[in-house]
Every structure is written in C-alpha cells, then in structure tokens.
Amino acid sequence: MKDTMNYTRTKAMKLMVSGLLVLCVVIGTSGCSDGLLTTVPTDRVSSGTFWANERDFNTALNGTYERMVGVNGNLPFFDGTTEIGYSHADWVRQHGTVMGRSDGQSGWPAGFWARNYNGITRANEVLSQLETVEDGVLSAEASNHIRGQALFLRGYFYHQLLWMFGEVPIFTSVPTVEEASQISRNSRDEVYARITDDLSEAANLLPPSWPSSQYGRATSGVAMGYHARTALYEASWKKYHEGNDARANELFNTAVNMAQAVINLNEYSLHPDFRELFTYAGEQSNEIIFDYQRVSGQNGWSAWRAFAPSSMGSNVDIAPTRELVDRFPMEDGLPIDESPLYDPEAPRITYDGSGNPTVETIGKYANRDPRFYGTVLYPGAEFNGVIYNSYPACGDGAPAGYCSPTSDRILISDYNNTYTGYIAMKYLDPQDEASPTNSGLNHIKMRYADILLMYAEAKVELGEQDASVNEAIQEIRDRLNIPLPYDLTTMSQEDAIDFIRNERTIEFAWEGLHLADIRRWGTAEIVLNGETHGIDVNRGGNQFEPIPGQHVRSFSSPRDYLWPIPTSERDLNPNLVQNPGY
C-alpha cells in the first residue's frame, strides 16, 4: 500500500474528488454532465459565495484536473484501438472505433468531446473569476500559479481536441447559450495558436516544482513538454496529411526547441527500473513530468480488473498483440530478424502429476529488451507467484507442453479473458489484487523518455541527424543496458524515422500515445486494416501458428484520421460542420 507520506502528499491534490460537488454548483449542472452541451453552464453562484479565498480557487482547479481522465480517457484504452492492443469483447465503448463503424452518435468520441469541453469551461471559469477577484484575496504568487494552471489545463484540453477532431470551436471565456449555439469550428492553425499561447504563458507563470503536499499540479516543465508535443503532432499532420513541408519544418523546429528547454531544466531523469515505474514504488519518480493523481478509496480505477490475468480476477478488457511483441528487439539491441539471440520456438510448459508446472523453455521470449518484460506477460513467465500459461485448454487437441490446465487458457467463447495469450504489465501491481476496481496507481501523462524521443524524432524529421540524436536514444537504452547497434547519423532519413517510430511504440506501449502517433504519421490505414494476432499455438505435429484475433479491423482513409463531431452537439449548433465521410 502507499506509505503514509505518499497519502499525505496527495491529499491536497485528491481534494479534486470531494471538491467536485462544490465545483458543479459553481459552474452549473450541465458543466458536470457528459451528455449536455458542455460549453455552457446553466447556473453559477456569486463570487462572494464561492470565490472568496485561495482554497476555493484550488478546489475549482482540482475539479478541472479531474476532467483529464475518466471512463473515456483511461490511457490503455487508447492503445486498445490500435494494432498493439486487442479486445474481442464487442460491447466495449471503443469497439465501434476499432471496427471502423464510428459515427456522430458513437459514445466514445462523444464522451471525449464532452469531457474536454467540460474541462475548458471549468478552466475559463477559473480565469474569469481570477480577473474579478477582490484585492487582497490572493497574493501575486498565488494568482500567477492559479492562472498558470488554468491556462495549462485549457491548452491541454484543446490539444486533446485538436488531435482527435481537428478543427474545433475556441472559447476563451464561458459563453452564453446563444454564443455556444452559433459558433463555428476554428481552423487547425487557430486552435494550435490558442494552445501554444496558453502553454507559453503558463510556462512563465508556473513553478518548476511544487511542495510534496501539492504534487500533481502542473509545472513549467509540464507546460513546455505539452508545447513540444503539440508542435510535434501538428508538424506531422502538416507533413503527412497536408503536404505542407515548409510549415511542418517550422513546427518540428518548435518541437526541438521546447524539448530542449525541458531537458535544460535539469529537473528530470530516467527511472532506473522500467517495470517499477508503473507500480506504486515508481510514483514520484524523477522521470514523471506529469501524472493524473489517483488514490484508492477516493478516485481509484479498475487497473487490476481490466488488465490482470483472468486467473487473478480480471476481465482482461484489452490485451497486447503479437504485432507489439515482435517489435521489441533482443538484449543485443538488434531486431528479432537480425539478432543471433532470437529463438523462434514457442515456450514449452509441462506439468507433473500434482499439477506443478515446469517451464522447459521460453523460446522466442528469451533474451529480449527489458522493456518487453515490463510491458508484456507471456506464456511461461512468472507473475504474482504464478507461472502464467495461456495456451489452449488441455484436452482440446493441443499436445502436452503446449496446452494449459489453468483458467488463463485461450477459449474463443470466453469474453472475459485474453484472446491473444498476452497480458499487459504496465499498471499492474499485486497490491491491487485484493481491491481490483480501486487502484490508486496514477496515470502517467508525460515522462522524460517522451521528451528525449520527441527531440530525436523532430531532429530527424528536419534532416538534422547529428550526435545529439544518438545521445537521446542512447540515454534511453542505457537505462536498460541495451546497446544501440546503429549510428543514426549515417542512416538514411527514412530508416532513422522508422527506427525512432519503433522506439516510441515499444517505449510507450499501454501509455495511450500510439493512437495519436499512427494517426499523425499517416500509417493508421496500413496497420489498422486486417487481423491482429497473438501467441503461437500448436496446430498439430510440429506446426505452430499465431492465433488470429476474432475481429477483423477496418480503417477508412482519410475519414478515420479524424473522429466524428457528436450529433448531439450538431443538433444544438448547426454551424458545427461534420468531418468528411461521416
């Protein structure tokens, strides 16, 4: 369990949960509902009633942070809509997106739209009240910090909307009903400018760090990091979707400069243990630039119930795929098709008369990049004191050594189990097993490794393949004692881009970044059409084949590179033109 010090330092930030009721009164009933026009609050209390001291402003900010995650925003579910994650449960909210069937009435995109505009409304209300607060209520420092956080949050929510939906309406104040029902979508360039203006000002107002009692609030490094991410995302869009290389290069330069500014802060470093970073022991690591705060018993989430092995009480909502597994290199740094260390054989697991397992070999899963073991649980691996075995059930034709007598076995009719044979390891801490729907593990929204890889990617996209690119990649691999067998300065630009894209995919799998990556790179139409696959299963004799996913995915280009504008919003405002193809 989290130690007393950890609970103490998060208590102030976790007031976001108890403070939500107050905030809902402040910004109105519709501001706390995901099903209404979320840009418009229907009621407010007077400033004399609520906005009377610094604590009130912080309570309102806490409620604004709360909009960052939720049923529509738990990070692993983003990866579950890509080729690196799979669910064969067709009732999950993401299924329509996976199958290419999203439209204006789909719940998942509509929920994201609502939640992000909810957050923008809350941030704008804080900024509005800050302008009218009476003299002496707030110190200059407190005022700056409150404004900086509200601007960061507004920039964050618009960043989310931009990569999800493209052009969206901009509100810099709480609109009237009439304004909200008539506004049109702003251009991508206007939305980008709004985001980066907010983040730039926020970076100048926010401190580089907070006291431990305020851990989790935005800092100057967070604002600069999101400036880098927004610039990189938009640069890729300009290059790969609009063919505007000149503007793309301007934005890639911005991404380089902002990432370098975060590096120059000397506030962050890589955590020495990759697996530990995503457990309770890794919280408050110097690698974490920003994480969404969770506390068991207050705003816990279903990490264990959603991702742990079935035998340990999970529904296995999403599981990693073979497409992800095969991306991980070997411990010599080489990919599996180049390394002499790679053994293509399937693991062999036998059982004695008492049912005790012996792992005779782990085959293709031996000698892999340590990030693999911190990301994927595979047949033959030990977790939580148990040898995991997801082979098909013994007695169903699978031979000894390649079958499973456990409840983790793959079964096509079992919709509450993995159907790839893999389990995601990030955000799995055995401390949560006793309370599987109430995890207090924080969601890591940005960490230092992302800064290094954003820097490297933007430099290579600019054709600036100098020693600093090698150094950024090497720093990440040094954490793992994995060599970098290539010199990126001598690679072709295309090969260097592919290498960095793969590095991003394996480094951040299950952290919710891959969907944005494949969309901005323009590769989603390649990787999101067709089957996904899982572990090798025995088909008789010595024949092994990777098990295919039950659902064949579909992605329609260019339509699916943007999500549909919710029909409910367009019914209220006919000026919200739908994205093409919906």
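Helices here are DSSP runs of H or I with at least four residues, strands are runs of E with at least two, and both are numbered from the N terminus. With that in hand, let's start at T437, which lies in the loop between β9 (423-424) and β10 (443-447). The model is predicted, so to speak of local features a pLDDT of at least 70 is needed, side-chain atom pairs count only at pLDDT 80 or more, and totals for chains, interfaces and linings use all residues. Residues are numbered from 1 along each chain as its sequence is written, and side-chain values use heavy atoms, with hydrogens and water left out.

Leaving aside residues up to four places away in sequence, T437 touches G300, W301, S302 and R305, where contact means heavy atoms within 4.5 Å.

Next, look at a helix pair. The axes of α12 (residues 245-264) and α16 (residues 448-461) come within 9 Å and cross at roughly 145°. These axes are lines fitted to C-alpha atoms over the stretch in contact, and angles run from 0 to 180 degrees between N-to-C directions. Residues of α12, including F252, V256 and I263, meet residues of α16, among them I451, L452 and Y455. The residues of this contact of α12 with α16 divide into 11 nonpolar, two polar and two charged. Nonpolar covers Ala, Val, Leu, Ile, Met, Phe, Trp, Tyr, Cys and Pro, charged covers Asp, Glu, Lys and Arg, and the others, Gly among them, are polar.

Now for the rings. The structure holds 39 aromatic pairs: rings of Phe, Tyr and Trp (its six-membered ring) pair if their centres lie within 6.5 Å, and planes under 30 degrees apart count as stacked, over 60 as edge-to-face and the rest as tilted. One of them is the tilted pair of F78 and F112, at 5.1 Å centre to centre with 50° between the planes. This pair links distant parts of the chain, with F78 in α5 (residues 76-79) and F112 in α7 (residues 107-132), 34 residues apart. Both F78 and F112 are buried. Ring pairs also link F78 and F112 into a cluster whose members include W108, Y158 and W563.

Elsewhere, F555 and Y561 form an edge-to-face pair, 4.8 Å centre to centre and 75° between the planes.

Methods: Buried means under 20% relative accessible area, exposed over 50%, partly exposed in between (1.4 Å probe, protein chains only).
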